[in-house]
Amino acid sequence: MQGFGDAFGAAFALIARFDTDLVEIVGLSLRVTLSATLFACLIGFPLGALLAVGRFPLRGALTVLVNALMGLPPVVVGLVVYLMLSRAGPLGTLGLLYTPTAMIVAQTILVTPIIAALTRQIVADLDAEYHETLRSMGAGAGMRMRTLLWDGRFALTTAALAGMGRALAEVGAVMIVGGNIDHVTRVMTTAIALETSRGELALALGLGIVLMILSLALNSLAMGARVGAARMAHA
Amino acid sequence: MLRLVATGPGPDAAIRLEGVSLRRGGRMVLDGLHLAIPATGITAIMGPNGAGKSLSLRVMAGLIEPDSGSVLPSEAVRGRQEIALVFQKPVLLRRSVRANLRHALAVYGVPRRKRRERLGELLDFGRLAAIADAPARALSGGEQQRVAMVRALAACPKLLLLDEPTASLDPQATAAIETLILNTAASGTAVVIVTHDQGQAGRLADHIRFVHKGALTEAAPAAQFLLAQKSPEAQAYLAGKLLL
Amino acid sequence: MRRFCLPFVAALAIAIPAGAQGDFIVVQSTTSTQNSGLYDAIVPAFTAGAGIEVRVVAVGTGQAIRNARNCDGDVLLVHAKAAEEQFVAEGYGISRADLMYNDFVLVGPAEDPAQVGATDDIDAALAAIAGSKAAFASRGDDSGTHKKERALWAHAGVAPEGDSGTWYRETGSGMGATLNIAIGMGAYTLTDRATWIAFGNKGGHRILSEGDEALFNQYGVIAISPEKCPTVRADLAQGFIDWLLSDAGQAAIADYRRDGQQLFFPNAGR
């Protein structure tokens, strides 16, 4: 059995020699995950705010749906996107299957419910405090949503990070729609899955350690920026 | 108990409540309230805790729909932005003072090109220029109250409603707020202030409205009221004896 | 909507990529050829010569054929002859060619609880496993290996599906994952030899039965038909297949070794 020592050794060796394949894989992971998180924020923030402050029919049902979609298995998202983007599917002519774009689409679908649901909660909590003030100022729904989103921005960082964590960690969706093609759609998680299936457990775990380091770095960066901005500007 | 009933829509009222009643939690918190706010000067609403003072402000501001009775704004204050309300504990946005005011100007629909100029006026008016870039929620209570007042003035309202604006402030901060209130009234905005402080009422108010148990019990010019109250409730209250 | 997006995401996010666009083909493939490292060894030579990038999607024979039916590939490279011929007969493939072969092996724990011994009689080996109810890990995923395994059970006169969940355990996973599981639970399993040789986590397992004619494992390659799939890159696909079947391609396959052992034996046109 290959042990943890081997895994750390493999991780260290990969980083130490700045393995070009690893750099490529990490780069694609970042590109896919951060793009998906960005798009999920662009959709999820307004959607969450709308669910929090909007008053329209089926709002409750929509909220339940968004919360339920948080538990969507990545492989299901992958399958749905595959069926859409497959040459035999409705969007097949776009030729997006097995490209990073397809992976971004799948992860955006996967992450948006998480960001929307967390945003709804954050905005609803803030609205409890701001509601009367904004109403007394005569702010319309759109302005209220914008105000609440901006003033909840530090808490929303956490929502974005939760979404990013899910995107960075999932393998099921990108495996199906990306195909784990070397130098084209191979990302950290699919590389780990491949090395596991090759029985190269130490290397797989080593890649896992690199992924952990990456996740730590991204989170530290975000938290650092958040704390700095919160302290500097708007306590 | 003596009850005053407003008699007809006087031409000098900014807003009038006629027989406004409101039930909350099985209790009549406003009980046929008749209240006329003069269109000029400063009106102080006095009365014990729970008399319905703050609620009457919210009703005037349109935040609460009364169960019965009428809210009759005059022609001058009928627009959505003509009445502004400042809460006892103002909620400022998690931004700088400047950004708070800029936000208010945006909400009130002030055209972009006019915002900068108007922002400068507001900062000057509230003497906030020195703290314009400070995070609003890190300011002292007095400073926050000043920001909230100036923010309420961003839309140039005809009627400014203040709910105990100096309730928890030290004398210096209180003086700053009172100066701001007097300047506001001098600029032609009618001001309503809910206060428990006789001294403050004396320093600021032109008119007094005394409310007890959700109804008006006395309305008089300030000088006259503070000298000699007609209603037994007001007398007892100012003597420190009135309990709800 | 600048104010909706957090600065850190905006700063780090990279614009939507269009994907590298050059001449490329997509190969829908069985996993053993990828897991054993065959593509890594032979494809660079083809790409260097032909200027065609080869993108391999390794998903197991059953899934590869389904993906190919959806026109999501240009070349199909799998190991289930009957299914391949049906694929061609239905018009999805232009034609099928033998590419190479190796063989399946039965691996199991060194202690060999079913007393399979080192036999070349796979029928006897499987019967011994079924008789002793020793754990057996099946792919259970309709892959080429799984199809072969079911055929072998049938030939041995055993119907293990009835015992699924007891000693017969269907992993529903790829070859590598199934090997990891078999090693983890001390179970027997059937694997192609290439995957086994290249597998890095053998634990105490070893080959217990090999050499039976029934264990022959033929790989085939098919160009997907532009008549069923108009988007297929037929010329590029045919270029790759022609190269694989050429002397150069066949030699490259024969030259690929792990631990000194040849993994695939080219047999195009034989």
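Helices (H or I, at least four residues) and strands (E, at least two) are DSSP runs, numbered from the N terminus. The model is predicted: local features need pLDDT of at least 70, side-chain atom pairs count only at pLDDT 80 or more, and totals for chains, interfaces and linings use all residues. Residues are numbered from 1 along each chain as its sequence is written, and chains are lettered from A, ligands numbered from 1, in the order in which they are written.

Q: Where is A:Thr101 found, in terms of helices?
A: A:Thr101 is found in helix H5 of chain A.

Q: Why is A:Thr101 called buried?
A: A residue is buried if 20 or more other C-beta atoms, placed from the backbone, lie within 10 Å of its own, exposed if 12 or fewer, and partly exposed in between. A:Thr101 has 22 C-beta neighbours inside 10 Å, so A:Thr101 counts as buried. The C-alpha atom of A:Val174, 73 residues away along the chain, is separated from that of A:Thr101 by 10 Å.

Q: What makes up the side of chain A that touches chain B?
A: Two residues are in contact if their C-beta atoms, placed from the backbone, lie within 7 Å. On this basis 15 residues of chain A are in contact with 17 residues of chain B. Helix H5 (100-136) and helix H6 (141-151) of chain A each supply at least two residues of that side of chain A. The largest share, six residues, comes from H5(A).

Q: Which pair of chains has the most contacts among the two pairs that touch?
A: The most contacts are between chains A and C. Chain B and chain C do not touch, and their nearest C-alpha atoms are 13 Å apart.

Q: What makes strand S3 (residues 75-78) of chain C covered on both faces?
A: C:Val75 and C:Leu77 on one side are buried, and so are C:Leu76 and C:Val78 on the other.

Q: How do you know that S3(C) pairs with strand S1 (residues 24-29) of chain C?
A: Two strands pair if DSSP finds at least two bridges between them. S1(C) and S3(C) have three bridges, in the parallel sense, with C:Val27 opposite C:Val75. Strand S9 (residues 216-224) of chain C runs antiparallel to S3(C), joined by four bridges; there C:Val78 has C:Gly220 as its bridge partner.

Q: What is the predictor's confidence in chain C?
A: pLDDT is the confidence in each residue, from 0 to 100. Chain C has a mean pLDDT of 89, and 92% of its residues reach 70 or more. Over residues 1-20 of chain C pLDDT stays under 50.
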